[in-house]
Amino acid sequence: MVQLMIMMLERVGIIVILGFMLAHMKVFRQHLQHPEGYKGKGVLIFIFSLFSIISNYTGIEIREREILNNDWIFAIDPSSSIANTRILGVEIGGLIGGPFVGAGVGLLSGIHRFSLGGTTALSCAVSSLLAGVIAGYIGSFFRNRHQMVTPRVAALAGICMEGLQMLMILVLAKPQAEALALVQMIGIPMMIVNGTGSFIFLSIIQSIIRKEEQARAVQTHKVFSIADQTLPFFRRGLNEDSCKSAALIIHRMTGTDAVSITDRENILAHVGDGADHHIPSKNLITGLSKKVIQTGKVMKVKSRDEIECAHRSCPLQAAIVLPLFSNRETIGTLKLYFKHPSGLNRVTEELAEGLAMLFSTQLELGEAELQSKLLKDAEIKALQAQVNPHFLFNAIHTISALCRTDPEKTRKLLLQLSVYFRSNLQGARQLMIPLSKELNHLEAYLSLEQARFPGKYHIDFHIEDGLENMEIPPFILQLLVENALRHAFPRKQKVCTVKVSAVRERDGVLMKVSDNGRGINPEMLGQLGQAPAPSKEGNGTALYNVNQRLTGLFGHQAALQIASELDKGTEISFKIPFQTEREGNRDAQGINRG
């Protein structure tokens, strides 16, 4: 038994080494972390079936209780059987990929094992399929709860799946006495070795994935820290003063040898090595920058000739040049320089690309604010001035705090932040949007606020079916909900509930935002919405702006109706007429032309 266990440990070592090498391949890790699609499942089935088939070939032949030490087994004597680590590949495939992958690996490896022959060919084939399906459902159980299968669970599953195989041998293999003797000989070594191999295999995979996630979390934290500090400058647009301040921050926090920011024609800022000849406003952009502006694609170079700097003693030998966009147009470039090509690695490239996307968003926000100042609609301008800077800083700080502790939640919040700002930018250019878009914008806002204050706010929606395409002014509901979250609830209130409803009535749609907060002082109730009201948190123009926009677009019948009782809550409602998407767009265009 000891001799068999030692020999099997040698076999499992081969599989573990292959797994270690495979886990370092980016393609394998991508499909490993996202096995939902058919392509990903197919790749996992192929890989883990290959592991199991190799285990069949490297098995140890057992003939009449005699251990035959063969290097490779391509056929088994009808009176023999093999001890191998086939179940390890089947089990890990199921735990990682789910029932479909587990069944696929079990079926293929089982067919291959059956083709080799031997007294246990049928029982091993059946047990492979059963083990793959069972392991797949175990993996799905953990994945549905957003948990990773731990190495301990994998080890226990490996022992159980191997125990299942021994049971199948006792049930299906003939004669019964020989089957029992075989199980007594190989059962314990195979269970121990496969359990140990499963533990090691999954530990290796999880270790590499965790390191990658930690590196990505650190990277994300760094990107948002830089974005947080550069935001005030990029919001001013691309000019020498703002770009120099931003470039100093980027240079200090990225550790690059030089940072340069350009517009479409000139260098606006250059910080670091080469500053003696990369002089802002006095030097035109290089041919490399022109190519990036023309193509809108990231370009990486690793020689001074490719950088196309005309200065002979320029110390910069490598660079990554990234386009900066605004309204889908390339308006400039961000360039990170290195004195040695080795400085331009994959981590730096991903950091630079993340920064470029955020800087482009910041520039678009700045451009959106600039455009809003030119609009004749004073209410939209005032509303935008409240939403963008206040919310961006809070969101960035919240996401930064979660980067290390919960990468998956961070990813989801980043998607919600993207939805929020995309809606924000689109809404700034339109006077009317569908109710469905306003609700998407509101839900993105709420997800970020609830991340800042976990468990504090409860939001209930009641939207009548068929109102999704109805046109309303942008940010109306979002601002009313934000107003409730910021002002309605005392700090010590435990249950903070906000209800949002939209109900069809005969002459329009009645919309309400209500809360169970502290209520409003009767002396102030009559003034809200009629004029800007003083507020500790701001200038108190939120309700006034909303009311002005509603009455300006739909008349006084759409004015805000505010009802409140102290210590019971507040309800703000308004009614707007039915309006189709086409009518809303036509009205908005008419207002814009006017």
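1. Strand β4. Ala258, Ser260 and Thr262 point one way from β4, Val259 and Ile261 point the other way, and all are buried. Here buried means under 20% relative accessible area, exposed means over 50%, and partly exposed lies in between, with a 1.4 Å probe and protein chains only. Strands (E, at least two residues) and helices (H or I, at least four residues) are DSSP runs, numbered from the N terminus.

2. Basis of the model. This is a predicted model, in which local features need pLDDT of at least 70 and side-chain atom pairs count only at pLDDT 80 or more, while totals for chains, interfaces and linings use all residues. Residues are numbered from 1 along each chain as its sequence is written, and side-chain values use heavy atoms, with hydrogens and water left out.

3. Partners of β4. What does β4 pair with? Strand β4 (residues 258-262) is joined to β5 by 5 bridges, and the two run antiparallel; two strands count as paired if DSSP finds at least two bridges between them. A hairpin is formed by β4 and β5, with 4 residues between them. The pairing of β4 with β8 is also antiparallel, over 5 bridges. Ile261 illustrates both contacts: its bridge partner in β5 is Ala269, and it stands opposite Leu334 in β8.

4. The sheet as a unit. These strands belong to an open sheet of 5 strands with antiparallel pairing, in the order β5-β4-β8-β7-β6. Its edge strands, each pairing on one side only, are β5 (267-272) and β6 (299-301). On average, neighbouring strands of this sheet are turned by 15° against each other, direction ignored. Helix α9 (residues 240-254) packs on the sheet and touches β4, β5 and β8 (329-338), its direction making about 30° with that of β5. Helix α10 (residues 287-295) lies across β6, β7 (318-326) and β8, and runs at about 140° to β8. Contact is taken as heavy atoms within 4.5 Å. Axes are lines fitted to C-alpha atoms, for helices over the stretch in contact, and angles run from 0 to 180 degrees between N-to-C directions.

5. Annotated spans. An unreviewed UniProt entry lists "transmembrane region" for residues 12-28, 40-60, 87-108, 120-142, 154-173 and 179-205; positions are in the numbering used here, feature names are shortened, and annotations may be inferred rather than shown by experiment. In the model, residues 120-142 are 96% helix and 0% strand, with end C-alpha atoms 32 Å apart. Residues 154-173 are 95% helix and 0% strand, and their end C-alpha atoms lie 27 Å apart.

6. Backbone geometry to inspect. Most residues other than glycine have a negative phi, and most peptide bonds are trans. The peptide bond from Lys174 to Pro175 is cis, with omega near -5°, and Pro175 is placed in the loop between α7 (151-172) and α8 (176-234). Phe475, not a glycine, has a positive phi of about 75°. It sits in the loop between β11 (471-472) and α16 (476-487) and is buried, at 2% relative accessibility. Asp567 also has a positive phi, near 65°, in the loop between β14 (561-565) and β15 (569-576). Is Asp567 buried or exposed? Its relative accessible area is 67%, so Asp567 counts as exposed.

7. Salt bridges. A salt bridge is a side-chain nitrogen of Lys or Arg within 4 Å of a carboxyl oxygen of Asp or Glu, and the count by this rule is 7. Glu482 and Arg486 form one of them, at 3.7 Å from N to O; both lie in helix α16, 4 residues apart, about one turn of the helix. Glu482 is buried at 5% relative accessible area, whereas Arg486 is partly exposed at 31%. Lys568 is bridged to Glu565, with the closest N and O atoms 3.6 Å apart; Lys568 is exposed at 59% and Glu565 partly exposed at 46%.

8. A link across the sequence. Lys575 forms a salt bridge with Asp507, the closest N and O atoms being 3.3 Å apart. This pair links distant parts of the chain, 68 residues apart: Lys575 is in strand β15, and Asp507 is in the loop between β12 (496-505) and β13 (508-515). Lys575 is partly exposed, with a relative accessible area of 22%. Together with Glu505, Asp507 and Lys575 are linked in a network of salt bridges.
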